[in-house]
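This briefing walks through selected features of one protein model, grouped by topic. The sequence and structure come first, and the notes follow.

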Amino acid sequence: MAPATNDESTPPRVAIPGPIIIGAGPSGLAVAASLQRLSVPSLLIERSDSIAHLWNHQTYNRLSLHLPKHLCHLPHLPMPKTFPTYPTKSQFMSYLISYTQSFSLKPIFNSTAVSARFDPVGVVWRVVVARAGAGEVEYESRWLVVATGENAEPVVATEEQAMGGFDGKKVHSAEYRTGEEFKGERVLVVGCGNSGMELCLDLVEHGATPFMVVRSGVHVLPKEILGISTFGLAMNMLKWFPVKMVDRFLVMMAKTMLGDTEKYGLKRPKLGPLELKKTTGKTPVLDIGTLSFIKTGKIKIVPEVECLTQKGAKFVNGQEMQFDAVIFATGYRSNVPYWLKVAKNDTQDCDFFTKEGKPKSQFPNSWKGDNGLYCAGFTGKGLLGAGTDAVKIASDVARQWRALLENKRVVS
Ligand SMILES: Cc1cc2nc3c(=O)[nH]c(=O)nc-3n(C[C@H](O)[C@H](O)[C@H](O)COP(=O)(O)OP(=O)(O)OC[C@H]3O[C@@H](n4cnc5c(N)ncnc54)[C@H](O)[C@@H]3O)c2cc1C
Ligand SMILES: *[C@@H]1O[C@H](CO)[C@@H](O)[C@H](O)[C@H]1NC(C)=O
């Protein structure tokens with residue numbers, strides 16, 4: 001694959017026979033593996049220096065899969081029997097490494113997709129990739145698979161950030177590894193999703209005093225109901241019952257097993273947990289022990305932050321408090337809008353992604369766009385959704401790949 005042109009102004013062009021896959025996280029790996037099984041080559045591009053940047057470099061040490069392993073493995077290779085039901089982060093990483101090796105995948109590391117656009121004349125996708133220390137290169141292919149993740153870039157709420165003058169430590173949950181470095185400190189944790197809740201637990205266990213901001217409501221559910229993963233149970237029930245009924249069941253079980261969380265400042269939203277997830281994308285929290293510390297007051301609940309001050313924070317109720325550190329467990333967003341240019345023309349609207357970089361159509365229809373554009377891992381359904389996307393994408397591309405090969409054979 002020698003570069004076709006080589007003047008200084010335009011990056012060298014390289015034609016890729018199979019699809020170009022952007023992102024070597026679980027989704028990208030699953031697509032490349034599924035293609036490999038169908039004998040379709042692909043080019044896997046990764047900005048980081050290793051696979052699965054999110055799991056490798058942006059997660060805290062105590063993290064284990066939130067869902068049981070049988071709902072988290074990638075297509076065509078289950079996790080080892082020796083793994084516990086909820087594998088640790090390092091076990092999951094070792095699984096991803098052996099997955100990569102099993103399918104002989106060779107991601108191109110230190111390579112960031114900086115722009116991608118469809119060229120209607122050449123009927124190809126043109127993807128400009130910046131390689132650390134090696135300049136840019138333009139890859140072209142009939143197929144482009146977006147696998148950069150729903151969690152590509154950390155988000156920090158603008159109001160807190162803008163009012164910046166805080167003297168203490170400020171970190172995003174992506175930079176947090178362990179509570180050790182916060183021992184004896186008063187720590188404000190902004191955000192009460194799964195990450196925020198788990199960091200608070202970790203902080204308490206390391207001798208820090210966490211204060212958790214609960215802005216609006218949150219659904220806290222038990223991780224398991226009668227020994228079955230709550231998420232798995234809900235998925236099975238959805239095959240038989242309407243969402244509203246499953247939601248009522250989940251909330252009832254949560255109240256029975258966890259008690260009335262509203263008493264501790266964790267208001268339950270009006271919409272049920274599954275309906276809320278579907279309409280707003282907000283994931284219910286699976287309790288892994290945080291709640292008991294909220295009940296005993298070791299983790300304190302505070303209202304929404306109005307602004308950070310030099311020594312702490314001012315809350316919307318006017319109260320001010322001092323803190324040694326602030327952790328933003330404020331989530332992540334997609335980076336697709338920064339690099340994918342899906343042009344609109346008069347006759348055809350091929351706008352596939354929203355302004356926020358998520359596919360406009362929802363699961364199970366979010367995997368395929370126009371002109372050979374695909375998207376894996378944007379279903380809001382974690383690793384399970386990514387696997388489903390990968391299998392569909394691979395079989396769709398393989399069908400076209402075979403047709404192309406047939407044509408060539410007929411012509412020559
Ligand atoms: C703390 C935490 C816990 C989670 N626990 C679970 C769980 O238990 N079960 C579950 O199913 N899901 C879980 N998730 C959801 C998580 O998103 C998935 O597990 C999974 O990481 C999604 O895989 P992905 O490949 O789509 O995205 P990612 O893992 O984010 O991978 C995307 C890859 O693309 C790369 N990339 C991004 N932009 C570019 C670019 N422009 N050019 C080149 N490369 C790029 C990134 O470096 C990264 O390696 C969790 C998420 C978090 C944050
Ligand atoms: C990626 O970049 C890092 C830092 O610049 C370097 O140490 C590493 O060797 C590179 N890895 C690859 C596979 O090119």
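**Sheet, cores and domains**

Strands β5 and β6 make a hairpin with three residues between them, and Gly-133 in the turn has a positive phi of about 75°. This is a predicted model. The protein is divided into domain 1 (2-152 + 334-411) and domain 2 (155-328).

**The five-strand sheet**

- Five strands form an open sheet in the order β1-β6-β5-β4-β22, and the pairing is mixed.
- β1 (13-15) and β22 (340-341) are the edge strands; each has a single partner strand, so one side of each is left without a neighbour in the sheet.
- Strand β6 covers residues 135-141 and pairs with β5 in the antiparallel sense over seven bridges.
- Within that pairing, Tyr-139 in β6 is the bridge partner of Val-127.
- β5 (residues 124-131) is also joined to β4 (residues 111-119), by eight bridges, and these two strands run antiparallel.
- Opposite Val-127 in β5 stands Ala-116, while Ser-111 has Arg-131 in β5 as its bridge partner.
- The hairpin of β4 and β5 has four residues between the strands, and Val-123 there takes a positive phi near 50°.
- β5 is largely enclosed by the rest of the structure, because six of its eight residues are buried.

- β20 spans residues 325-328 and is covered on both faces.
- Ala-325 and Ile-327 lie on one side of β20, Val-326 and Phe-328 on the other, and all of them are buried.
- In a regular strand, side chains alternate between the two faces of the sheet.
- β9 (residues 169-172) runs parallel to β20 and is joined to it by four bridges; Lys-170 stands opposite Val-326.
- β10 (residues 186-190) likewise runs parallel to β20, with four bridges between them, and Val-190 has Phe-328 as its bridge partner in β20.

**Nonpolar cores**

- Which residues have the most contacts inside the largest nonpolar core? They are Leu-96, Phe-182, Met-212 and Leu-266, in a core of 76 residues.
- Helix α11 (residues 382-411) gives the most to this core, with seven residues.
- Both domain 1 (2-152 + 334-411) and domain 2 (155-328) give residues to this core, so it lies between them.
- A second, separate core has 24 residues, including Ile-45, Ala-113, Val-127 and Val-146.
- In soluble globular proteins, nonpolar side chains tend to be buried together.
- Leaving aside neighbours within four places in sequence, Phe-182 is in contact with Lys-169, Val-171, Tyr-176, Val-187, Leu-203, Ala-208, Ala-325 and Ile-327.

**The two domains**

- The centres of domain 1 and domain 2, taken over C-alpha atoms, are 31 Å apart.
- Domain 1 puts 15 residues into the contact and domain 2 puts in 22 residues.
- Between them the two domains bury about 1,600 Å², with 55% of it on carbon and sulfur atoms.

**Helix α6 and Thr-230**

- Helix α6 covers residues 230-238, and Thr-230 is found in it.
- Is Thr-230 buried or exposed? Thr-230 counts as buried because its relative accessibility is 2%, below the 20% cut-off.
- The buried residues of α6 are Thr-230, Gly-232, Leu-233, Ala-234 and Met-237.
- These buried residues pack against β12 (220-222), β13 (224-225), β14 (228-229), α7 (243-258), α8 (273-280) and β15 (285-287).
- Beyond its neighbours within four places in sequence, Thr-230 is in contact with Leu-221, Pro-222, Lys-223, Glu-224, Ile-225, Leu-250 and Leu-286.
- Pro-68 is 162 residues from Thr-230 in sequence, and their C-alpha atoms are 9.9 Å apart in space.

**Ser-50**

- Ser-50 lies in the loop between β3 (43-45) and α2 (53-57).
- The relative accessible area of Ser-50 is 16%, so Ser-50 is buried.
- A polar contact of 2.7 Å links the side chain of Ser-50 to the side chain of Asn-56.
- Apart from neighbours within four places in sequence, Ser-50 is in contact with Asn-56, His-57 and Phe-109.

Technical notes
Residues are numbered from 1 along each chain as its sequence is written. Chains are lettered from A and ligands numbered from 1 in the order in which they are written. This is a predicted model: local features need pLDDT of at least 70, side-chain atom pairs count only at pLDDT 80 or more; totals for chains, interfaces and linings use all residues. Side-chain values use heavy atoms; hydrogens and water are left out. Buried means under 20% relative accessible area, exposed over 50%, partly exposed in between (1.4 Å probe, protein chains only). Two strands pair if DSSP finds at least two bridges between them. A polar contact is a pair of N or O atoms within 3.5 Å; within protein, one must be able to donate a hydrogen and the other to accept it, and residues adjacent in sequence count only if both atoms are side-chain atoms. Contact means heavy atoms within 4.5 Å. A nonpolar core is a set of buried Ala, Val, Leu, Ile, Met, Phe, Trp, Tyr and Cys residues joined through side-chain atoms within 4.5 Å. Domain bounds come from an automatic or database domain assignment. Buried area is the accessible area (1.4 Å probe) that two parts lose on being put together, summed over both.
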